[in-house]
Amino acid sequence: MSIDQDVETRHILDCFRDRLKRVIQVEPLLDQLHFLGQDRRDKIRAKSRADGDISAAALLIDELIQTQHEKGWSRELITALETARCTHAVNYVLNSPPDPTVEAENDSCVRLIDLMHLTLVNMKTGDVCAHCCSLELLTLEDQENIMKATENHGNINGARVLLRRLVKNEAGWFSKFLQALEETEHRDLVRELRGEPCNEDESMSVETHEFRTVEEGEPTCLALAKETDPVLNGSMPVLSANSSLLSEDLDSSVDSGVLDASAENEDVDMYKGQEEEEGDLTEEGDPTEDDEPSASKRTVELRDYQMEVARPALEEKNIIICLPTGSGKTRVAVYITKEHLERKKQMGQPGKVVVLVNKVPLVEQHYKAEFGRFLKHQYSVERVSGASQLKISFPQIIEQNDIIICTAQILENSLAKAKNGDEDGIKLSQFTLMVIDECHHTKKGNAYNHIMIRYLKQKHKNQLLKKQDKSPAPIPQILGLTASPGVGGAMSQQMAEQHILQICANLDAFTIKTKTLGEEEAKTPYKRIARAEGRKEDPFGDVIKKIMDEIHTHADLLPLCEPGTQNYEQWAVQKEQNAAKEENQKVRVCAEHLRHYNEALHQSNTIRMSDAFRFLDKYHNEELKTKSSPDEEGTVTITDTERFLFTLFKDKKAKLEELMGKPEYENNNLAQLKSIILKEFSTRALARGIIFTQTRLSAIALCQWIQGNPKFDEVGVSASYLIGGGDQSVVKPMTAAEQKDVLQRFRKGEINLLIATTVAEEGLDIAECNVVIRYGLVTNEVAMIQARGRGRAEDSSYTLVAEAGSGVAERESVNEYREKMMSKAIAKICKMNRADYEKKIREFQIQAIMEEKVKIKKKQQKGMMKESPSKISLSCRQCSVFVSSGQHLEIIENMHHVNVNEQFSKLFIVRENASLQERLLDYETNGVIACKNCGQQWGSMMLYKSIECPCLHIKNFVVTYGSKKKTFSKWSELPIRFPAFDYTQHADLLVEDSEEDDMDVD
């Protein structure tokens, strides 16, 4: 390199100083920097040992900039960075930083790791380290350092070293790390990092996703995990215990006035200070007061109806507040919190409030729009899910702050740690008030309910302590917030009352407070049902039904329900399962194809025929790929039935393509939707709307339909879709950055029509709308109330588009009836005799505590009843060929079921996972192992400490258990105790084989 290049490199190092010091790995880099004198390198190493890598990297950068070096040192620096695997740093030094959006999203991931530090350090470090190494997240030197730290100082210390090294990778590392966690069975960690509850799918999406692990399904689309935590969504606090992942702000990576090229590559700060962004978020029903000069002058004022529902809580009673969306429930909670802390202060008692939410975006939303906005001038308010970058543990955050806003799962994890004697745990007795947002989720399996079970156990224990004249443990006051507790599918008024009483018992509520709002207070949209006439002709659907009829005839199947319905789907699933156990491969494969044709019929009735055709075409192309062998060792067998099915679609493909191009045959639902959108947007001065639809596929397809139709453009429609997170095999989810961008553009008016799954129904702060449409989507009364509540603007409309005879309109009527049942039930419960109410509540609570004890006992007993592996054998689910005896199965780290038997290796082929590659994931997936005979996927190939181990997924096999054949979805369902994988034995065998090969070569 020229001297000019050396000068330019100094300039670049100075500009990107703050970025570089976080991504440089000092120790391995110093070994390569021979142009630096030994004294200087020793000085930097000493700095690293004393103050950590970031401080040492800062000193190194100073040395590079301020000291004269021999000509061409910049080229040596880049080579050294590449050799040390500091690829992220190389891009900056070459003045090619990542795209600002990518960089900002990467910052989000780093913050999320730091936030979850306390939980992540409890991972099985050795196992995760090995997987990260195989995914090229870590070098062999990194692995050696991590394992050395683990051996010398324990698992947690090793995990800390791993995490510090991990975040220095270039963008894309986060999804690979999640893959490593998934493959090592750290499912709870994966869910937490995604922002999902551990036991219930509330991950910002409408669909029920099939959560598949490396062992129980193909590798999941982990690149999207970061989206569910709005660490990504704006600003997120960071916890760490002795962590140095983020020691300084990330908002000064480049000085735009110094580097000419930096205008295009300027660092985008996703984590603006709370004062900057306060104007972006609004409280339910109340605009943000941007003109207020300072937080210190903000006061919390309640309307009369708000004060009325708050009164029992101000008297220190546990209550549930049930108010419609947009009526200011959270503002009431802020007022109650303020009064609670002031009262404690006056009494000379400590006060501490925890605000629990069920979705990560709500942490930041509640902080900026409500609790932080109104109370931070008087009390210390912190959110455990934002951008405060606190270098302290969660217990310290609890100790040092008056108000803590966090997800329920984070609190539950810490409570569980305390029960297990962990120093990082906390106790319920540390809080004096617990606010539970969207408290209707306090039911079995939910994190809210796990926390409340702990509360109820302590409450009933306290009653026993009082009888024994002993001091009870303090427990917090409970405040629940909801727009609708629902009726839990109740069919009668009595059942509705039981459901609401159950929620009251779960929350230990003294009462449930609600209020019918007046016209001035309520913003209830005008509601109508738009019924679309059924198709007079459906030649596209007729062709699909004829294909299905031919399959019925071929397999001698006689369905008892109409194709295109949910009942038919259930029938086909049951047929496939039974046929697999009976080794009837003709029926099994036919049932699988019928399921996909049934889905295509459903799609053609809700979205375009072309969307349904593309779905079928993709499925058949992927199935054909499974019938090709990756090598020339042999050909995968295609059965006569499979050949019949492939030929059948091929013969009808041209006809389907011809019909999908004829708009006169499209379903009338689309025509009805088009009419409504055009009317709303042409008659309103300023229209802003949301269309709720059932699946991600339909949301994207409807958006494409609207964007491609000039009629919508003429009335000013600017559309975009909003879908949620979590893995799904058909549609790639949105990242958090994409979600945030769409919502911001919607708020600013750049987009005026959102097509969304039910990610947008509950909790998220979405700008006021005056047009709400539910497109053929009816779930339950809670979802109906939540969706309707999105129409907060004046003169709003709420429209349900339903095909005549589909039952959608009728189900909406049932939901309306249940809503009335709910209101009556709440009113009746409020009027119950106090003694009767308390008796009922106590009965439900005792039942909940007993059920929890029984559940724990069963879990313990289940672990003691495991049988020998010789009791089972596996056969291929598709072709029924014998695969393996249970005696040849071993388990790695109590997670992965592998078979390294030499005979087994002759039965499968290994191929790339094409379907995941087509989804443009930013990580390389493991190879798929598949049946050499029929191509059925069996599992994946994993690398464990340099040994390739075929990992089996039980759902792909039929298990012969004794004399019975069964199918399972998880290994945990199988009551068998498998032996641990003997690494030493298998490693020795590999070494012997290698030595024999070397002798043969000699």
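**Asn752 and the packing around it**

In this predicted model, a polar atom of the Asn752 side chain sits 2.8 Å from the backbone oxygen of Gly716. Asn752 belongs to the loop that runs between α32 (736-748) and β11 (753-756). With a relative accessible area of 14%, Asn752 counts as buried, because the cut-off for that label is under 20%. Leaving aside residues up to four places away in sequence, Asn752 touches Gly716 along with Phe681, Ala687, Arg688, Gly689, Val717, Ser718 and Phe746. Two of these neighbours also meet each other: Arg688 lies over the face of Phe746, 5.2 Å from the ring centre. Arg834 does likewise with Phe510, at 3.8 Å from the ring centre.

On the nonpolar side, the largest core takes in 78 residues, and Leu120, Trp173, Phe177, Leu193, Phe394 and Leu411 have the most contacts inside it. Another core, of 40 residues, lies apart from that one and includes Ala530, Ile706, Ile723 and Ile751.

As for aromatic pairs, the whole structure turns up twelve. Trp705 and Phe712 make an edge-to-face pair, 5.3 Å centre to centre with 75 degrees between the planes, and both residues are buried. Phe904 and Phe908 have ring centres 5.1 Å apart and planes at 50 degrees, so this pair is tilted.

Buried residues in α5 are Ile54, Ala56, Ala57, Leu59, Leu60, Ile61, Glu63, Leu64 and Ile65.

Key: Residues numbered from 1 in each chain as written. Predicted model: local features only at pLDDT ≥ 70, side-chain atom pairs only at ≥ 80, totals over all residues. Heavy atoms only, no water. Buried < 20%, exposed > 50% of the residue type's maximum accessible area, 1.4 Å probe, protein only. Helix = DSSP H or I, 4+ residues; strand = E, 2+ residues; numbered from the N terminus. Polar contact = N/O pair within 3.5 Å; in protein donor to acceptor, adjacent residues only side chain to side chain. Contact = heavy atoms within 4.5 Å. Core = buried A, V, L, I, M, F, W, Y, C linked by side-chain atoms within 4.5 Å. Phe/Tyr/Trp six-rings, centres within 6.5 Å; stacked < 30°, edge-to-face > 60°. Lys NZ or Arg CZ within 6 Å of the ring centre and 35° of its normal.
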